[in-house]
Every structure is written in C-alpha cells, then in structure tokens.
Amino acid sequence: MGLAGIRLATFEAATTQALAESLPSYAAIGNPVDTTTAVLTDDKLIDKTLLAVCNDPGVSLVLMPITIDYGDVTIKVAQSAVRVQAQTETPIVPVWMSSRQGDGHRIYAEAGMVPVATVGKAVKSVKRWLEHADWLAAREAAKGEPPFEPLLLRTPASEVPGAVRAINEAEAKAWLRAAGVELPDSGVAHSADEAVRLAERIGYPVGAKVVSAAITHKSDVGGVVLNLADAAQVRDAWARIHHAVARAAPSAQIEGVLIEAMAPSGGVETLIGVTRDPVFGPVLTFGLGGVHVELLRDVARRVLPLSRREAAAMVREIRSFALLDGLRGRPLADVPALVELLLKVSDFVAAHPGQIDEMDLNPVWVGPLGQGARPLDAVIVGRLEGMGPG
C-alpha cells in the first residue's frame, strides 16, 4: 500500500478495544488485522470485527483477502462480509487469491462485491479509484472549463470513408505547420543541386532525410544524415541516402530528400504520439523521445481532447520530468511551449475526428525556457482524404 502512495489507517482507541475484546490475545489488531483461526469456530467474529473496522472514522475502504477456497468456512466468511456491507457505507473489497472459484466467490459476486484476483491488483484498483476521484474534484474546481466529451463520440472512425494510408514526413509537417505548430525550416529537394540550394537558404548546419510514405523509421534504412556543414557534405548525403535506401528498402518509392535546419544544441528530446484506441478513441501519449520511450517506458496518456490543465499535468506526470525541470543545473526547459504544442496537437486531431488513426512526433525538441518546442519528425496515418494544409 505504501509503495502505491496509499496510507494505511490508524485505528482509534474504540476500534482497537473492540478488536482486543473479540479476538484472541495473540491476534494482530493493528492494521492490517489478522483474526487468526478463531473465525473457524465462531463465524460471528467476522461480523463483529469487520464492522468495527468499517465503522472506524479513519477507514475509507477495507481490503479483505481470502487466501484459499476452504469450503463451508469460506462460504460463512463471504456471507458475513455481505451482511456487514449491508450495514456500512465503507466499501469492502474482497481479494480472492485462490485459483478455484467456489460458492464463496459466487456469494461475493451476486452481492455486487466483485472479488479482485490478487492483492497487487486490488491495491492498483484502489489507487486508480482515488486518482479518478482527484480528477473529478479538479474538474469541479476548474471554473469555466467545458464538460469533457471524448473525440470518439464526435465522429467514429467507422463512419469515415476511405482507406487507411500514411503520408510522408514533409506532407505531415505541412499539415502541422498550417495548424499552427512550430517546426524547423525545411524543404524537399528532388536533386542534389536543389538540396544544396535549400541548405544555403536555410543556413548550415542542416539534416537530410529521405521522403517516402513507405518508410516510417528512416534511420533504420540509412535514410537520415545529420549535421551537414557545407555543400559538399549535402551532395555526399544525397548520394548516401539514395544508395542506402535502395539497398535496404528497394520497393520504397523515394519522393525526395527533406533538407531541414538542425535543432540548436542542448534541449531535451520528447515524444508526442496519438493512437486510436478501439474503446476510448484517440489517446495522446507523452514521454521522453528517441529510444528512451522503448527503454524506460515512462509515458503519460490522456483521452483526447486535452484541456490546458490536463496538458500541463501530463507533462509533470512522467518520472523523468526532472530532466525538463532543471535537474543538476540543467537549464529549465520550455515547458510552457511544450504544453502549447500538446494543445495544438489535440486541436489538430479534434479538427479531424475519426480520420487520424496514428500520429507520431518523435523526437520533439524542447529547448531551454523561451526557445520553444518543435517536432523534428512526423508521421500521420489515417483516413486522410479531404485533409491537407490550409
């Protein structure tokens, strides 16, 4: 319980006295309570002691583990718990730890006291319940915030015609730029000469990336060359990218090479992703970017659309938020700009309900405070007919 951040109640004197008078001297009457085998000979002890614990003013919920299915004894314990639950508003959560579901399990279920399979799952369920209560309280306190309505309820994907397809990075960034998302200066080159002209217009150093809707992970096929400092390096990168992609993904159509300004040194790489959950609809994921998301699995998720309060909360929810908050003398990251970016992504998806199946902005560069937050790569997949910049 302590590891989950849930505080165990301390019984008041009257509760402790009631337990001491009812149970043997060797019973544990603190929290948690061990009634010992005394309940095997006197099933009324469960009624008396469980009700005393439920009625303690410091107790908000009672977890009641049942270690094994032990025939008539388990049935009597279940019947007792059901009787007590009818006498108290304090929730009693049975934890059925046996692999066999006998009559005792059925008694709990029929009374609406759904048994949880393990103590760990029970504790996690309680934690989620408390977090939901905090979420409801925060929404109640938020003045002027509109009622939350999941995007799923606006236009389900099943109602949107057209096949699911992916668009290339350059097109995805054009859509995002039109939606107000700040992005590095870039352009698509269709020849080595055009790549050099773009690089000189943008200003060195630049990066070069293959443009192909068929290639999602460009680095895996040699389709990315970074920190190009002059025209010769740009021409070399053009040749290297075409050679590597032709060898690693010969069937992929190369639509050009994206020449893009490099992000300034420093900053933190994060990621923003959107996936369409079959139950909840569009869900946004935020966490550290690059390979860190696969290594650390440290992410926060929200059902869309986002409010400003929820966007700010999910940034601070990840365990690695300290990297954005000036850990060990690092500069404070531009968290306000990151929050704005999350909201723009949410608004972009909300503007096309039912059309976006997947969206991956990874990495998202977050600079020191005042320097902004910009996606460095973008993937969009969905039923995209009729969408586009402008």
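Visitor: In this model, what is the relative accessible area of Glu 169, and does that make Glu 169 buried or exposed?
Guide: The model is a predicted one, in which local features need pLDDT of at least 70 and side-chain atom pairs count only at pLDDT 80 or more, while totals for chains, interfaces and linings use all residues. Residues are numbered from 1 along each chain as its sequence is written, and side-chain values use heavy atoms, with hydrogens and water left out. Buried means under 20% relative accessible area, exposed over 50%, and partly exposed in between (1.4 Å probe, protein chains only). Glu 169 has a relative accessible area of 4%, and is therefore buried.

Visitor: Which residue meets the side chain of Glu 169 in a salt bridge?
Guide: A salt bridge here is a side-chain nitrogen of Lys or Arg within 4 Å of a carboxyl oxygen of Asp or Glu. With N to O at 2.7 Å, the residue is Lys 173.

Visitor: Which residues are linked with Glu 169 and Lys 173 in a network of salt bridges?
Guide: By the rule for such pairs, the count comes to 24 salt bridges. The network that holds Glu 169 and Lys 173 also links Lys 209, Lys 218, Glu 260 and Asp 377.

Visitor: How far apart are the closest N and O atoms in the salt bridge between Asp 236 and Arg 240?
Guide: Both residues lie in helix α9 (residues 231-248), four residues apart, or about one turn of the helix. Asp 236 counts as partly exposed at 40% relative accessibility, and Arg 240 is likewise partly exposed, with a relative accessible area of 46%. The closest N and O atoms of this pair are separated by 3.3 Å.

Visitor: With which residue does Glu 340 form a salt bridge?
Guide: Glu 340 counts as partly exposed, at 33% relative accessibility. The closest N and O atoms of the salt bridge are 2.5 Å apart, and the partner of Glu 340 is Arg 308. Because Glu 340 lies in helix α12 (residues 335-350) and its partner in helix α11 (residues 308-317), the pair ties together parts that are 32 residues apart in sequence, the partner again being Arg 308.

How values were computed:
Helix = DSSP H or I, 4+ residues; strand = E, 2+ residues; numbered from the N terminus.
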